[in-house]
Amino acid sequence: MALNPLELLLLHNALTRPSPATNAAGAGQPTSAQPAAVTTKEPSMANQFEFLDKHFDPTDIPEVAAQTAYERFGNYPNARTSTVIFNISWAALTDAIKHAVLNYTNGGVYDTSAFATLSADGNQWNIVVTGLQYVNASRTIVRGRPEYEINEYNNGSVFVKAEALGAQLLGEVVHLDTGFGTWVQQVQLKNPATY
């Protein structure tokens, strides 16, 4: 049974939703002795795609994207996976995400490779981008030493989480998860450094 991207996004949201026990009645709600804090969130001036840039390489060569994914482990020593999207222009990737949010806000789903839904509280966009080529690197520790495996995927999908500003505008991208794709090959690095 094949699922369309919108069904996949809904499934992903259902699987990552906190359990009802964490949202028990009164949990996290201010009492009459504790008035709710009034906070206003100004849109940050930083680039809303700054986080996504760490998961992007403009190359069309899988080995170069694999090297980029591998090098990310040096900056994030506790990371276990590293994903890098490649073989797409930066403008096409970011435009797909922007259009997904606009399509949701305007009430329609148009011919696009990205789809968005808004969280129940209106604070977060959940976006799925399809038709991507990416590499996914994983690190495991075997006998006290790190071992790396990097795989290339084609026609893949990634899940992007971003802040929602005013429940309609796209805020800063804050997380990226790989969904699925067609496995192409295991990518071997030449002269990898040790992280």
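Helix 4, which covers residues 90-105 and so has 16 residues by the count given for it, reaches 23 Å from its first C-alpha to its last, close to the 22 Å expected at 1.5 Å a residue.

Some residues of helix 4 are hidden from the surface: Leu93, Thr94, Ala96, Ile97, Ala100, Val101 and Asn103 are its buried residues. What do the buried residues of helix 4 pack against? Their partners are helix 2 (50-53) together with strand 1 (81-86), strand 2 (114-118), strand 3, strand 4 and strand 5. Just after helix 4 comes Gly107, where the backbone takes a positive phi of about 85 degrees.

Strand 3 and strand 4 form a hairpin with two residues between them, and in the turn Arg143 has a positive phi of about 55 degrees. Strand 4 also pairs with strand 5 (residues 169-186), again in the antiparallel sense and over twelve bridges; here Val158 stands opposite Thr178 in strand 5.

Turning to the chain as a whole, buried residues make up 35% of its 195 residues. The accessible surface of the chain comes to about 11900 Å², and 52% of this surface belongs to carbon and sulfur atoms. How much of the contacts with a separation of 6 or more comes from residues 24 or more positions apart? Such residues account for 66% of those contacts in the chain.

Finally, the confidence of the prediction deserves attention. The mean pLDDT of the chain is 78, and 72% of its residues reach 70 or more. Over residues 19-46, however, the pLDDT is below 50, and in the model this stretch has seven contacts beyond near neighbours in sequence.

Technical notes: Residues are numbered from 1 along each chain as its sequence is written. This is a predicted model: local features need pLDDT of at least 70, side-chain atom pairs count only at pLDDT 80 or more; totals for chains, interfaces and linings use all residues. Side-chain values use heavy atoms; hydrogens and water are left out. Buried means under 20% relative accessible area, exposed over 50%, partly exposed in between (1.4 Å probe, protein chains only). Contact means heavy atoms within 4.5 Å. Accessible areas come from the Shrake-Rupley method with a 1.4 Å probe; for residues, only the protein chains shown count as cover. Two strands pair if DSSP finds at least two bridges between them. Helices (H or I, at least four residues) and strands (E, at least two) are DSSP runs, numbered from the N terminus. pLDDT is the predictor's confidence in each residue, from 0 to 100. The expected span of a helix is 1.5 Å times one less than its number of residues.
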